[in-house]
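Subject: Structure handover

Hello,

Please find the structure below, followed by notes on what turned up in it.

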Amino acid sequence: MMHSSNSLMDCLKRIRPIEAEIYAEAEKEAELKNLPLERLLIEQGVVSDTDMALAMAEYLELSPITLSSFSPERELIELMPKEKWKELKAIPISKLGARLTIAMADPFDIVGRETIASGTQMELAPVVALEKEVEEALNAITDQPTQALEDILKDMADEGDVEVGKENLDDASLDEMLENAGEAPVIRIVNSILIEALRKGASDIHIEPMEKTIRLRNRIDGVLYESPSPPKNLQNAIISRLKIMSQLDIAERRVPQDGRFKIKALGKEVDVRMSMLPTVHGEKIVMRILDKTALAPNLGALGLDQLSLDNFTYALGQPYGMILVTGPTGSGKTTTLYSALQELNDTGTNIITTENPVEYQLDGINQVQINPVVGLTFAAALRSILRQDPDVVMVGEIRDGETATIAVEAALTGHMVLSTLHTNDAAGAIARLIDMGIEPFMLSSSLLLTQAQRLYRRLCPVCKKEIDIPYETLKKNRIDPSHMEGTQFYAKAGCPKCNNIGYKGRGGIMEILLINEAIRKTVLNNPEADAIAKMAVENGMRTLREAGLDRVREGMTSIEEIMRVTSEH
């Protein structure tokens, strides 16, 4: 549902009549300078910022507000960092239950709205304000220390039964644990932190020492959410307890340390990988929760669209060649590769992986842990693996020219090679390998498929709500409104089923570039990422943004979420 007859400019002209000649001139100049027309009209003094704010409010059917005598509540400002409010040109006005009223200078900024909704975990009721008034109100807030948060034991779930893997603790460390970790209270706090993260389905737990507080955050479906924090005076005891669980050196606080432990809780057994980093206020801890039961058993379980699934399955069915999975950190590349390996895993296939680190231990697959300290790099491990008579080789990541060369040669000599690269799109993977020194003719012969992927959050099916998105809002966010004609848009709401977040679970969107004859010729003649991407689109490849908008049409996610995780090509 979209507005089409009544545009923003119609609303503006009703509030402040503009002579036709002046309007036509401004329109031409805005097009030449590639500026929004409304901004140019304000800069030229044709209309005032107040006129424009009133027009936006009328067009979007929002209330306008003046902040000239407004005093913001510190409690509401502290829902997000002050710098983030400034960046988004927004300020919280009032809170009623789980509903937060915010004043925005740019109400068309739907990505900004989504950022605020995610950061505050509240349903938003936006109103329109002048940008200068929003800035003045934010600048008036002094940076006083925040009030101490309530005791974690009051706000968090009961500790439950958490059993630490016995193989990681001996008798001496148990005694040491009781001596250094302040006995039961600290153990209960650490158990509470772990239980709460498991209950919410978090993938990472961040414990961050600040000057006067400890910040506790959980990453749920790819986004960090703040939780009630433990008392600052127990910081060292909590860190000691976690070090003991991971068999790390309690006395060492100057260098980073990595460890691992296993816990049984809530009826499941999970591995926890822990990283400690010294900061000016103490050691920052990040715990990655590795739940093997959450792994997709095969490609079909990843929830891909049919075209992506067919192309990926076809490439995996080839006897040899290279498949590259690309995307930023945390986009699910490892999960995709593990799913592909499980498709290929049978008694007649020798599969060897080289990873840093080995995240999930898979039955029937030989996994090698990289250790650069002793010289076991990706390149060194790959050379040895190729002497182990492998059918399928997975290289955790191609980071340098040496690893890339060995991987390409392995693909050319009868092996199926799967690996990852850090590029933004599928075509960029080819250009990156050429930059690493791989000859285009070798790539065109060895590559089967390159793929870029992102993870998006699915709307909670219980509480998602129908919304209208104005025609002009789509245009401003560079989405062709004609492609979304007839689409019922949905937005997040929040209910107990999704911890009042509005999203529950994640899905993958993929940009699959299957290497055919036309792509091979392009790689040989013009191996630039843009040229390869253009040819791929002509051959039917759907970009990440297009694949994401398909999920919006299906009602699986919100348009804000797809814009958050994809960029325009």
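Between which two strands does the loop that holds D221 lie? The loop in question runs between β6 (214-220) and β7 (223-227); helices (H or I, at least four residues) and strands (E, at least two) are DSSP runs, numbered from the N terminus. Before the rest, two notes on the source. This is a predicted model, in which local features need pLDDT of at least 70 and side-chain atom pairs count only at pLDDT 80 or more, while totals for chains, interfaces and linings use all residues. Residues are numbered from 1 along each chain as its sequence is written, and side-chain values use heavy atoms, with hydrogens and water left out.

Backbone

Most residues other than glycine have a negative phi, and most peptide bonds are trans. D221 has a positive phi, near 50°. At 15% relative accessibility D221 counts as buried, where buried means under 20% relative accessible area, exposed over 50%, and partly exposed in between (1.4 Å probe, protein chains only). Q247, also not a glycine, has a positive phi of about 60° and is found in the loop between α12 (235-245) and β8. Q121, which follows α7, has a positive phi near 55°. Within α7 itself, the buried residues are I110, G112, E114, I116, A117, S118 and T120. The peptide bond between N356 and P357 is cis, with omega about -5°, and P357 lies in the loop between β12 and β13.

Aromatic rings

There are 2 aromatic pairs; rings of Phe, Tyr and Trp (its six-membered ring) pair if their centres lie within 6.5 Å, with planes under 30 degrees apart counted as stacked, over 60 as edge-to-face and the rest as tilted. For Y59 and F108 the centres are 6.2 Å apart and the planes stand at 40°, so this pair is tilted. Y59 belongs to helix α4 (residues 49-59) and F108 to the loop between β2 (99-104) and α7 (110-120), which puts them 49 residues apart. Both Y59 and F108 are buried. For Y338 and Y360 the centres are 5.8 Å apart and the planes at 80°, so the pair is edge-to-face. Y338 sits in helix α14 (residues 333-344) and Y360 in the loop between β12 (351-355) and β13 (366-369), 22 residues apart. Y338 and Y360 are buried too.

Two rings also have a charge over them, that is, NZ of Lys or CZ of Arg within 6 Å of the ring centre and within 35 degrees of the ring normal. K13 has its charged end over the ring of Y23, 3.9 Å from the centre. R457 is placed over the ring of Y503, with its charged end 4.1 Å from the centre.

Salt bridges

A salt bridge here is a side-chain nitrogen of Lys or Arg within 4 Å of a carboxyl oxygen of Asp or Glu, and the count is 28. D271 and R260 are bridged at 3.9 Å, N to O. D271 is in strand β9 (residues 268-279) and R260 in strand β8 (residues 257-265), so this bridge ties parts 11 residues apart in sequence. R273 bridges to E359 at 3.4 Å, N to O. Since R273 lies in β9 and E359 in the loop between β12 and β13, this bridge ties parts 86 residues apart in sequence. R273 is partly exposed at 21% relative accessibility, and E359 is buried at 15%.

Nonpolar cores

A nonpolar core is a set of buried Ala, Val, Leu, Ile, Met, Phe, Trp, Tyr and Cys residues joined through side-chain atoms within 4.5 Å. The largest one has 53 residues, and M322, L324, I398, L433, L443, L513 and I559 have the most contacts inside it. Helix α16 (residues 401-412) supplies the largest share of this core, 6 residues. A second, separate core has 35 residues, including I239, I263, V270 and I501.

Cysteines

With a disulfide taken as a pair of cysteine sulfur atoms within 2.5 Å, the count is 0. C463 is in no disulfide, and the nearest cysteine sulfur, that of C495, is 3.7 Å away. C463 is buried at 12% relative accessibility.

Regards
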